[in-house]
Amino acid sequence: MTEQNQDLADRITERLGISPDVVRRHLRTKAGFEVSCLFLTSLADQNQVDEAIIRPLLHATQAMDNEHLEIEPVAWLKMSISHGQMKETDGLEECVEALLGGHCLILVPGKNQALAMDVCKREQRSVEEPSTESTIRGPREGFVEDLIRNLSLIRKRVKSDKLVFESMVIGTETKTMVCLAYMRGIASVKLVDEFRTRLQAIHTDSILESAYIEEWIQDKALTPFPQLIATERPDAISAKLLEGQVAVLTDGTPIVLAGPLTFFQLFSAPEDYYQRADIATLLRWLRFAAFFLAIFVPALYISVVSYHQELLPDPLLVNLAAQREGVPFPAFIEAIMMMVTFEVLREAGLRMPRIAGQAISIVGALVLGQAAVEAGIVSAAMVIVVSITAISNFVSPMYSFGITQRIIQFAFMILAGTMGLFGLMCGVFFLLVHLASLRSFGVRYFAPFAPMYLPDWKDTFVRVPRPLLKSRPKMFQQGKTRR
């Protein structure tokens with residue numbers, strides 16, 4: 001083996017250290033030079049290395065004759081190994097990066113370069129229904145942790161040459177593959193450039209999940225509202241792409257991001273488009289009602305019971321007074337204790353094993369609620385208020401938006417407990433101003449109402465029949481608006 005080739009092979013193995021998964025094999029050709037084969041058994045598929053690289057290389061070595069002695073070694077190796085994904089790598093850094101990416105390296109004699117062949121293991125779980133986004137009617141497929149498999153799930157639904165995937169590597173240590181997806185001619189060029197610029201501006205050592213990217217590219221950090229869609233459903237991402245939005249896929253996670261996102265899209269679910277228009281509209285109204293119940297019911301109860309008893313009818317006022325006669329805490333402290341207790345039970349149910357989790361959350365809430373009422377710590381009305389609020393939080397199609405509702409309801413409870421209805425109204429005005437000031441990749445969060453896009457009202461509070469949805473949302477400013 002030449003000194004230069006020996007040095008490159010030694011430098012690669014020295015860089016990786018003494019690791020049990022580093023395999024280095026030497027092969028001598030009849031042409032008189034040696035070839036080193038390097039790969040990692042933890043990342044590379046041993047069968048692919050043996051069948052597609054080692055065996056063809058040995059076979060070609062045995063078949064060498066005088067006609068091939070004048071051929072360049074690189075060209076001879078390319079002819080000897082018939083592998084679909086082959087590339088040349090120059091220098092130590094490129095070789096190490098390819099090796100850590102699941103490639104097998106064939107070191108070329110006499111040159112500071114190597115041939116890299118992709119033999120990465122494709123160990124992945126099967127495509128299953130997303131556990132957090134189940135539907136009654138619609139596809140049952142969900143994204144998995146493998147990026148290539150996720151791309152195929154989108155390709156299967158959008159069989160168009162306008163579908164574009166742009167890949168990039170982010171993370172100096174993890175070197176995570178990230179893919180930008182959009183529809184050429186439908187998505188706004190300005191929007192695609194903004195996504196690309198923000199992704200390329202990420203400078204960090206690790207990207208382990210799409211949430212890392214979400215925090216880097218979102219417009220505003222100091223807000224509880226999500227600014228990007230996070231979903232496991234390929235049909236939902238395909239629909240967003242066809243509407244002119246842009247998606248970001250990250251290797252190693254089934255959660256795919258899409259944007260821009262507006263406030264009213266938080267109440268839309270993929271199932272809305274698999275039902276008739278009237279049924280979808282009714283379900284959307286129920287989600288709006290659940291949102292208002294979740295954020296206002298505890299605060300209204302605290303403010304009325306503590307400051308504005310005159311607003312209640314006499315029979316109801318007498319009933320509530322009788323229930324609270326033995327309760328030692330004010331309504332605000334009572335509500336805070338019950339809400340915090342329910343949040344603890346909810347988190348315990350999520351973290352516990354699946355078999356015991358539901359039993360703990362349901363039985364725990366019933367037992368503790370009944371025991372608290374019988375002990376005189378809280379009133380029965382407060383248990384009803386907390387139950388309505390908790391159930392309403394689960395109606396949200398997006399899990400992150402459910403957490404947002406819980407943050408807002410605690411803020412409104414504090415305002416109602418300190419200033420009554422006046423504090424609650426101040427909180428409502430502040431929330432509206434905050435929502436109107438938010439942007440998601442240049443799109444106003446309150447669109448299509450502020451600013452107003454009348455054609456987009458067909459798919460906001462109501463969902464009109466599909467024959468009337470002839471245009472894509474104008475608020476995304478895409479090129480081709482007709483469906």
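This is a predicted model: local features need pLDDT of at least 70, side-chain atom pairs count only at pLDDT 80 or more; totals for chains, interfaces and linings use all residues.
1. Nonpolar cores. The largest nonpolar core has 61 residues, and those with the most contacts inside it are Phe225, Phe263 and Phe412. Helix α9 supplies the largest share of this core, namely 10 residues. Another core lies apart from it and has 20 residues, including Ile170, Val248, Leu257 and Phe441.

2. Surroundings of Phe412. When neighbours within four places in sequence are left aside, Phe412 is in contact with Ile295, Phe296 and Ala299, and also with Leu424, Gly427, Val428 and Leu431.

3. Aromatic pairs. A search of the whole structure finds 24 aromatic pairs. One of them joins Phe264 and Phe449, whose ring centres are 4.8 Å apart and whose planes stand at 50°, so the pair is tilted. Because Phe264 lies in the loop between β10 (256-259) and α9, while Phe449 lies in the segment after β12 (443-444), this pair ties together parts that are 185 residues apart in sequence. Phe264 is buried, with a relative accessible area of 10%, whereas Phe449 is partly exposed, at 24%.

4. A stacked pair. Phe296 and Phe412 form an aromatic pair that is stacked, with 5.6 Å from centre to centre and 25° between the planes. This pair also links distant parts of the chain, since Phe296 belongs to helix α9 and Phe412 to helix α14 (residues 399-437), 116 residues apart. Both Phe296 and Phe412 are buried.

5. Thr250. This residue has its place in strand β9 (residues 246-250), and with a relative accessible area of 1% Thr250 counts as buried. Beyond its neighbours within four places in sequence, Thr250 is in contact with Leu147, Thr176, Met177, Val178, Ile207, Ser210 and Ile213.

6. Ile217. Helix α7 (residues 210-217) contains Ile217, which is buried, with a relative accessible area of 0%. Not counting residues up to four places away in sequence, Ile217 touches Phe195, Arg198, Leu199, Ile202, Leu228 and Phe441. The C-alpha atoms of Ile217 and Thr197 are separated by 9.3 Å, and the two residues are 20 residues apart along the chain.

7. Surface patch. Leu282, Trp285, Leu286 and Phe461 form a nonpolar patch on the surface, and together they have about 420 Å² of accessible area. Of these, Leu286 is found in helix α9 (residues 277-306) and, at 48% relative accessibility, counts as partly exposed.

Note on methods: Residues are numbered from 1 along each chain as its sequence is written. Side-chain values use heavy atoms; hydrogens and water are left out. Patches are made of residues with over 30% relative accessible area and no salt bridge: like charges are joined within 9 Å, nonpolar side chains (Val, Leu, Ile, Met, Phe, Trp, Tyr) within 5 Å. Accessible areas come from the Shrake-Rupley method with a 1.4 Å probe; for residues, only the protein chains shown count as cover. A salt bridge is a side-chain nitrogen of Lys or Arg within 4 Å of a carboxyl oxygen of Asp or Glu. Helices (H or I, at least four residues) and strands (E, at least two) are DSSP runs, numbered from the N terminus. Buried means under 20% relative accessible area, exposed over 50%, partly exposed in between (1.4 Å probe, protein chains only). A nonpolar core is a set of buried Ala, Val, Leu, Ile, Met, Phe, Trp, Tyr and Cys residues joined through side-chain atoms within 4.5 Å. Contact means heavy atoms within 4.5 Å. Rings of Phe, Tyr and Trp (its six-membered ring) pair if their centres lie within 6.5 Å; planes under 30 degrees apart count as stacked, over 60 as edge-to-face and the rest as tilted.
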